[in-house]
Amino acid sequence: MGSTGQPPSSLKRPDPPAANREGDQLVITPLGAGNEVGRSCVYMSYKGKNILFDCGIHPAYSGMAALPYFDEIDPSTIDVLLVTHYHLDHAASLPFFLEKTTFKGRVFMTHATKAIYRLMLSDYVKVSKVSVEDMLYDEQDILLSMDRIEAIDFHQTLEVNGIRFWCYTAGHVLGAAMFMVDIAGVRVLYTGDYSREEDRHLRAAEIPQFSPDICIIESTYGVQLHQPRHIREKRFTDVIHSTIAQGGRVLIPAFALGRAQELLLILDEYWSNHPELHNVPIYYASPLAKRCMAVYQTYINAMNDRIRSQFANSNPFDFKHISPLKSIEIFDDVGPSVVMASPGGLQSGLSRQLFDMWCGDKKNACVIAGYAVEGTLAKTIISEPKEVTLMNGLTAPLNMQVHYISFSAHADFAQTSTFLKELMPPNIVLVHGEANEMGRLKQKLISMFSDCNNKIISPMNCQSVEMYFNSEKMAKAIGKLAEKTPGVSETVCGLQVKKGFTYQIIAPDDLHVFSQLSTANIHQRITIPYSGAFGVLKHRLKQIYECGVGE
């Protein structure tokens, strides 16, 4: 159960300091997304509690090679699995983990993520061109996994087996969340993918109201800075308009949900403002097109103010110039057109079929509008090789124009550095970034926080990070016992109540007020079976108590 190649050998674990007990040790191990983008999955253990953040696949691989390194852990020991959003690299190994391993814990994600997860994974199973033995799961496994997933609201605090957690808006895609976990007073923030920039339909990621002890944060774009959004939008529409003007076709590979909706809003508005383009069709090519739009319309209230105010008058996702396209068989490929097709990595499916058809004509263009993962065709063609390998195994010249205009809703360096300066976590763990980008980001953050004594770590897959936290127990006196401050050396008497990792001292009379417990009086009588002569018993008792015993 793992990926291509051998996992990096774990660093030898240092002996814990003598002052620390074993229970003080917190361990974080990336099972995926350690110095890579793909198969996000981070294991955390503290105080005997085990958590998994995200459960994705690697888009560049297939079959078991695409999975996180699940064989590094015992799935049956995981208490809670928290999924940040529905993208394949964060959620697509969940049916496998739930249905084909010994995992018996609880799984949480937001309501919108759960609704879209179902659609995304069904599409993933359909478009994956892999052999039967390489199939990780089927539609039935996805349905079974839905029964085990529990929904959590933003800012709702839940507790499972002493693990408290809640989530914040992360931007990025509809329903995306950052999770804050609290175990015995140690707080860990896992950002997943996040964006602090509000776009045409999504809110920006929130800043948590207090600093975590550890922040596990994405580093996708390293030290890069995004162009301002209006400049990216102009480049995007200029490329499309000029390609159409010369009689070409435009392919925009994008996943069915996420950036697709952002780009469709831009295109529909641009077409509305340019009557000369009204005879040029725009297609949203995904088997899930209509169902995806229905989900987006259901969760309008989870979007930003701009979309919600538009929705009061008309549905912003009821596009006037965009038509759904379910399959290539019904596509009338005559003349210029714009087609947005899934998947975004061009590995298979409609986007790959259209690419193979159009890549040889220099009048055509392909716009890569999202993050391109290493190992995918989308990443390969950004460097504009002279030839590409088609799905049938033959090579063909790459004559079409390739443009990389990223609308990927990941934080850039400006957002990451500002976010971390606001929170000032003493420990920062970098995940979800290619090794070079992550390395540059790490060095820049070390320089930026040089006066602050922050630890910045970038573990590889299967490499454990160990931290130690003071686990002194503190009990709070509440109710009557807290009405006056005890003097020096004065003893406070009460009942100690433990819930999870919190301790309280409560007067017996207050027990029912501050807890779900109550006091009771117990009268106990001991009965001992005896079948011997009473005289013998009387004699023995008299010897014991050295006094007369009544008849």
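## A strand pair to start from

Glu218 stands opposite Val431 in strand 20. Strand 11 (residues 214-218) and strand 20 (residues 427-431) run parallel, joined by 5 bridges. Two strands count as paired if DSSP finds at least two bridges between them. Strands here are DSSP runs of E with at least two residues, helices are runs of H or I with at least four, and both are numbered from the N terminus.

This is a predicted model, where local features need pLDDT of at least 70 and side-chain atom pairs count only at pLDDT 80 or more, while totals for chains, interfaces and linings use all residues. Residues are numbered from 1 along each chain as its sequence is written, and side-chain values use heavy atoms, with hydrogens and water left out.

Strand 16 (residues 365-368) is covered on both faces. Ala365 and Val367 are buried on one side, Cys366 and Ile368 on the other. Buried means under 20% relative accessible area, exposed over 50%, and partly exposed in between (1.4 Å probe, protein chains only).

Strand 12 (residues 249-253) runs parallel to strand 16, with 2 bridges between them. Leu251 has Cys366 as its bridge partner. Strand 16 also pairs with strand 19 (residues 401-404), in the parallel sense, over 4 bridges. There, Val367 stands opposite His403.

## A covered helix

Helix 9 (residues 349-358) is mostly covered, with 8 of its 10 residues buried. Among them are Leu350, Leu354, Phe355 and Trp358. Arg352 and Asp356 are buried too.

## Cavities

The structure holds 3 cavities of 30 Å³ or more. On a 1 Å grid over the protein atoms alone, a cavity is a set of points where a 1.4 Å probe fits but cannot get out, and lining residues have an atom within 4 Å of a point. Grid points are joined across faces, edges and corners, and a volume is the space filled by probe spheres set on the points.

The largest cavity has about 450 Å³ of space. It is lined by 30 residues, and the closest to its centre are His87, Phe255, Gly370, Tyr371 and His410. Helix 1 (88-91) and helix 6 (259-272) each supply at least two lining residues. The lining has 16 nonpolar, 11 polar and 3 charged residues. Ala, Val, Leu, Ile, Met, Phe, Trp, Tyr, Cys and Pro count as nonpolar, Asp, Glu, Lys and Arg as charged, and the others, Gly among them, as polar.

The second largest cavity has about 120 Å³ of space. Of its 18 lining residues, Glu197, Asp199, Arg259, Phe407 and Ala409 lie nearest its centre. Helix 5 (229-245) and helix 6 each give two or more residues to this lining. Helix 5 gives the most, with 3 residues. By class, the lining divides into 3 nonpolar, 7 polar and 8 charged residues.

Notes
On a 1 Å grid over the protein atoms alone, a cavity is a set of points where a 1.4 Å probe fits but cannot get out, and a pocket is an open set with protein on both sides within 12 Å along at least five of seven lines; lining residues have an atom within 4 Å of a point.
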